Amino acid sequence: MPVHNSAAQTIPSDRTVRLLDTTLRDGEQAPGVSLSPDEKVEIARGLERAGVAVIEAGSACTGAGERQAISRVTDLDLDARVTSFCRGMKGDVDLALECGVDGVHIVVPSSDRHVEEKVGTSRGDNLETTADLVEYATDHDLWVEVIGEDGSRADLDYLERLAATSLEAGADRFCFADTVGHTGPEHTREAVSRLAELGPVSAHTHDDLGLGVTNALAAVAAGADMVHCTVNGLGERAGNVALEEVAISLSHVYDVETLELEELYDLAQIVSRATGVQLAPNKAVIGENAFTHESGIHTDGTLKDDKMYEPYAPETVGRERRLALGKHTGRAGVAATLEEHGVEASEDEVAEIATRVTELGDRGRRVTDADLLAIAEDVAGDDRERVVELRDLNATSGGAVPTASVRLKVDGEERVASGTGSGPVDAAVSAVRQALGSMADAELESYHVDAVTGGTDAVVTVEVTMVRDDRSVTVARSEADITHASVEAMVDALDRLLATESEPLAPADD
């Protein structure tokens with residue numbers, strides 16, 4: 001249910017606001033990010049499932065490879081409008097037309113710094129050039145948005161003239177751009193309110209001051225009906241305003257729906273994998289910790305009432321709630337996690353397990369599911385026989401194709417298998433799956449590596465989360481060899497998941 005903090009909401013719930021996603025263009029300009037055509041297609045499909053209104057697929061002037069990628073996106077025949085970014089040049093519009101886009105974003109300078117120093121022109125000539133470009137694009141039946149680059153540092157009277165010139169020439173909308181994340185909500189609101197009197201306005205905000213969402217909401221309150229965003233807040237420097245943060249803020253606070261919120265987490269994962277940019281654990285909406293509770297007080301409160309310590313249900317954005325284990329974990333959290341793994345324990349046993357978990361956390365250890373279950377077995381005096389155990393591992397990466405062989409003990413039976421992969425870890429994991437056969441169809445949900453010590457003899461900690469049916473287990477292993485640590489962690493996780501199977505494991509597939 002949305003929050004209504006006052007009777008005078010600055011954004012009424014009947015407002016129509018659409019989101020323009022520029023992950024494939026501005027997001028790709030983040031340092032170290034480069035998307036292949038296949039990755040752009042996958043992300044575009046995710047954006048379509050989420051119901052994003054406009055997808056800026058790239059900048060056609062970048063090169064032939066970029067034009068191929070944009071064309072792949074336009075060939076998908078999406079419901080979303082697919083566009084290309086264009087500099088203030090007719091040649092860029094021509095290249096965009098070659099890609100079959102629905103529209104273009106023509107960026108023109110708006111601040112004196114950009115008009116005079118970057119482009120080397122005058123205010124008057126800039127207005128004339130902008131009008132010519134808009135007319136050229138609309139003559140070719142393109143949807144047109146003019147972006148006033150560096151608008152937050154422009155003279156507002158001139159910015160108004162630039163917007164009026166653009167709209168009079170036939171542009172569908174004008175965009176207020178806080179290109180360098182320079183301004184605050186008061187100036188944003190003043191500028192956008194003046195521009196909105198002329199016609200449709202978009203807002204393009206960056207997060208250099210941490211004000212990306214604030215400025216986006218200020219723009220909407222002032223009359224903007226479209227916000228430029230990127231998934232996970234990717235972009236140059238500190239990034240663009242995050243799609244997921246704008247969407248949930250408008251929905252939760254103002255009851256304004258912009259897209260299918262339950263698609264946000266899957267979309268975040270797709271973009272993170274494609275770009276190689278890991279999600280910060282404390283990232284709003286899609287970070288690992290956003291719906292994770294460790295504190296005993298918070299865990300107990302959440303178990304009693306799931307709204308106690310969360311602004312909205314995790315399912316709203318395609319997430320699940322998670323109880324983490326550590327030095328702050330209380331009895332309620334331990335009991336709930338044991339129940340998730342089907343482990344029964346008395347009150348006294350839960351109290352002892354909770355004490356040991358706290359002691360482990362006090363030593364700076366992250367307490368995984370495997371740690372908890374091992375502690376529970378020790379407290380209960382159980383001597384559990386392993387279902388799967390790693391006996392031997394050999395991996396080589398010196399040849400053209402990395403290979404690995406493993407020897408496992410599975411239900412008392414020895415199994416040997418080999419595999420190949422893109423690297424020694426991938427090859428070893430392939431060998432383990434080959435040895436276990438079709439019954440070990442658990443999914444590797446997450447894989448994370450941290451260096452524990454420095455130097456050439458560094459120890460690494462590998463943490464994996466494996467999922468099978470509706471159960472998940474997280475295991476961490478620390479070793480000098482990353483391949484051994486990875487396989488040990490994966491095998492231990494599989495052992496925990498398979499321990500609850502009532503039927504013996506089938507023989508390995510041929």
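A polar contact, as the term is used on this tour, is a pair of N or O atoms within 3.5 Å, where within protein one atom must be able to donate a hydrogen and the other to accept it, and where residues adjacent in sequence count only if both atoms are side-chain atoms. The structure is a predicted model, in which local features need pLDDT of at least 70 and side-chain atom pairs count only at pLDDT 80 or more, while totals for chains, interfaces and linings use all residues. Residues are numbered from 1 along each chain as its sequence is written, and side-chain values use heavy atoms, with hydrogens and water left out.

**The whole chain**

Begin with everything displayed as a cartoon, where the protein shows 16 helices and 16 strands; these are DSSP runs numbered from the N terminus, with helices (H or I) of at least four residues and strands (E) of at least two. Of the 510 residues, 50% count as buried, a word that stands for under 20% relative accessible area, with exposed meaning over 50% and partly exposed the range in between (1.4 Å probe, protein chains only).

**Histidine 206**

Select histidine 206 next, in the loop between strand S7 (201-205) and helix H8 (212-221). Why does histidine 206 count as buried? Its relative accessibility is 3%. The side chain makes a polar contact of 3.2 Å with the side chain of histidine 204, and the histidine 206 side chain also reaches the backbone oxygen of glycine 239 at 3.5 Å. Leaving aside residues up to four places away in sequence, histidine 206 touches, among others, Asp26, Asp178, Glu236, Arg237 and Asn240, a contact being heavy atoms within 4.5 Å.

**Two residues with positive phi**

Arginine 237 has a positive phi of about 55° although it is not a glycine, and it counts as partly exposed at 44% relative accessibility. Then select aspartate 150, in the loop between strand S5 (143-149) and helix H6 (156-168), whose phi is also positive, near 60°, in a residue other than glycine. Is aspartate 150 buried or exposed? At 0% relative accessibility, aspartate 150 counts as buried.

**Arginine 407**

Go on to strand S12 (residues 403-410), which holds arginine 407, a partly exposed residue with a relative accessible area of 28%. A polar contact of 3.0 Å joins its side chain to that of glutamate 414, and arginine 407 also touches residues including Glu389, Asp392 and Val416.

**Strands S15 and S16**

Now display strand S15 (residues 460-468), where 9 of 9 residues are buried. Both faces are covered, with Val460, Val462, Val464, Met466 and Arg468 on one side and Thr461, Glu463, Thr465 and Val467 on the other. S15 runs antiparallel to strand S16 (residues 471-479), and 9 bridges join them; strands pair if DSSP finds at least two bridges between them. Threonine 465, for one, has threonine 474 of S16 as its bridge partner.

**Strand S14**

Finish at strand S14 (residues 443-451), which contains tyrosine 447, a partly exposed residue with a relative accessible area of 33%.
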